Amino acid sequence: MISKILGFLKYSFSENIFKFISEAYTRALGTGLYLGMFFLAVIFIILELKKEEKSRIKLVFGFYSIIVLLLAVNPIFANISIKVLGSSVYWRVYWLLPIGFVLAYVFTELIFRMPEKWKKALASVLILIVIVIGGKWVYTKENFAVVNNYYKIPDTVLDIIFRVSADDEEYKQLAGPLEFEIYTRQVDGNIILSENRSFTGTYREDSIVTYITNADYENIYKKAKEIGCNYVVLNNSMKKPNDDLTNYGFLKLYENIDYTVYKLEEENTSWTITQYGTDGDLQSMCFTIEGNNDGLVIIDGGYSNDEENLKILEDKIRKNDYRVNAWILTHFDSDHAGAYMTLRNRIQDLQVGRLYVQDTPDVETCKENADWYTDDEWNLYQSYLDLNITEKQLIHARDTIENMIGLKMEVLSAYDDWIDEKMSNLLNNGSLVFKLYGNEESMLFCADTQSNLISEYLLENYKDKLKSDYLQVGHHGNNSFSDEFYETVDPKVAFFSTPTSIMENVNNVSWYKAEYLSNLLENMGATIYTFKDSPAQIVMK
């Protein structure tokens, strides 16, 4: 509980919260001129109005305004508002400020205090000039170019449709909640609708409208690509906390109080990264990466006998013409590297463009500090050391692999002599730590590294490169790395390759720290994916 409170307070005073407060103020008030005049007016009311009969004005316009203003810019209140009410609600707290009434009262008071008529007239003109400079003309094309709303369409729906109509795409196909079909037809016949209802007014189960209604982001993305739909509208009440379609290949185009419209730009290269879990209480690691322009990368793969994941990987390989462009094995533990050996023997036509592994010590060296491994696990490890295949490539820290289905891979840490000298458990701490770079975003993989010495090494040598959009946390989230490391990475999505029983530490294992790390990252604003979300998926741009 204490760690949650400390994490909440720490995030409340982070750069992200202050940026959020600033953006909310700009959205509510536009410029700083009115707020500055309002602040001076409140001070005037409190200090200058001394007569007894004006005490109510002082209370309502003065002290009330200060309380609301302090609440509006309070980072703790802002953080609570984000978590409880949502990010689209907080900025409306500025509506509670009686700015217009306070300025009108103070300007009138000042004018009447002028001793001569010409000074009153001059003050009135100057005040009007300040109001004009700080404000915005109401009579503009933006506000009055809309035709009469004969069909009584809700303003927020019209707002979204007009935003799509004004966008610079020549071809516009839109999908949204049920009400958008009939409304869009009435407003703009140039916008193509993605689905047609049946005569009973319902949609098929595999309809994009059904996926939108259920906030099924993964299938919304797949269906939008399939049918060529480049605009998707979501009802804000259905959106998932800390998650939206921007994690699935869309750009947020516009948001109002009820709806958000997203735009899918097909010309951009993107990569779908998916984490797969296990059915039971075992942790493992299995990721696939698929480019929207074809190509398949597998990271680890999980156990050799996990038939569910093996079938998923087989299907992915078959759909990619029995080819894996790159297979990355972070280390040779059975919960990571078992699947490769099984599928290598099972799929006769399997082609692996490149198998990336690190240079590791012999079995006897590893056994010196890891007596908990079984004979089967040591045999699996030895089988990898004995692999003599043309596609196998040893990689080391600071190596860079270019154009892995369009991605760049940079290795930050791998087994080396200094790890042998300073650490035990050479298999885990010798895991590959690497970063994948897309065109705009990146993802950091920490595999099973767990020693703080590794995190210190990474902070010392790569601190300026650790910031990443997505993160696979070290050692399944357990007993892995310092808070400083994860705060430096500051991801928007974090993957824990582990089941709920370990996330919640139901067996009360002393070194299971996944729950603590999950709370830390969540308080930083990250979305957490675990095996309960499997298959957990993001689209990296």
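A residue counts as buried when its relative accessible area is under 20%, as exposed when it is over 50%, and as partly exposed in between (1.4 Å probe, protein chains only). By this rule, 50% of the 541 residues of the chain are buried. The structure is a predicted model, in which local features need pLDDT of at least 70 and side-chain atom pairs count only at pLDDT 80 or more, while totals for chains, interfaces and linings use all residues. Residues are numbered from 1 along each chain as its sequence is written, and side-chain values use heavy atoms, with hydrogens and water left out.

The chain holds 22 helices and 21 strands. Both are DSSP runs, numbered from the N terminus: helices are H or I runs of at least four residues, and strands are E runs of at least two. A contact means heavy atoms within 4.5 Å. Among contacts between residues at least 6 apart in sequence, 66% join residues at least 24 apart. The chain exposes about 27200 Å². Carbon and sulfur atoms supply 53% of that area. Accessible areas come from the Shrake-Rupley method with a 1.4 Å probe; for residues, only the protein chains shown count as cover.

Salt bridges were searched for next. A salt bridge is a side-chain nitrogen of Lys or Arg within 4 Å of a carboxyl oxygen of Asp or Glu. The whole structure has 16 of them. One joins the side chains of Arg113 and Glu109, at 3.2 Å from N to O. These two residues sit 4 apart in helix H6 (residues 99-113), so about one helical turn separates Arg113 from Glu109. An α-helix has 3.6 residues a turn, so residues three or four places apart point the same way. Arg113 is partly exposed because its relative accessibility is 40%. Glu109, at 16%, is buried.

Two further pairs lie within helices. In helix H12 (residues 217-227), Lys223 and Glu226 are 3 residues apart, about one turn of the helix. Their side chains form a salt bridge of 3.5 Å, N to O. Lys223 is buried, since its relative accessibility is 9%. Glu226 reaches 58% and is therefore exposed. In helix H13 (residues 307-319), Arg318 and Asp315 are also 3 residues apart, again about one turn. Their salt bridge spans 3.4 Å, N to O. Arg318 has 40% relative accessibility and counts as partly exposed. Asp315 has 25% and counts as partly exposed. Elsewhere, salt bridges link Asp167, Asp168, Glu169 and Lys263 in a network.

Patches are made of residues with over 30% relative accessible area and no salt bridge; like charges are joined within 9 Å, and nonpolar side chains (Val, Leu, Ile, Met, Phe, Trp, Tyr) within 5 Å. Lys and Arg count as positive and Asp and Glu as negative, with His and the chain ends not counted. The place of a charge is taken as NZ of Lys, CZ of Arg, CG of Asp or CD of Glu. A negative patch gathers Asp362, Glu364, Glu368, Asp416, Asp417, Asp420 and Glu421. Helix H17 (residues 417-422) gives the most to this patch, with 3 residues. Glu364 belongs to helix H15 (residues 363-367). Its relative accessibility is 53%, so Glu364 counts as exposed.

A nonpolar patch covers about 680 Å² of the surface. Its residues are Leu33, Trp118, Leu122, Val125, Leu126, Ile129 and Ile133. Helix H7 (residues 117-134) supplies the largest share, 6 residues. Ile133 is placed in H7. At 63% relative accessibility, Ile133 is exposed.

Ser413 lies in strand S15 (residues 407-413). Ser413 is buried because its relative accessible area is 1%. Leaving out residues up to four places away in sequence, Ser413 touches Ala397, Ser431, Leu432, Val433, Ile454, Tyr457 and Leu458. Ser413 and Ser431 are 18 residues apart along the chain, and 7.6 Å separates their C-alpha atoms. Helix H22 (residues 514-523) is mostly covered, with 7 of its 10 residues buried. These are Ala514, Leu517, Ser518, Asn519, Leu520, Leu521 and Asn523. After H22 comes Gly525, which has a positive phi, near 105°.
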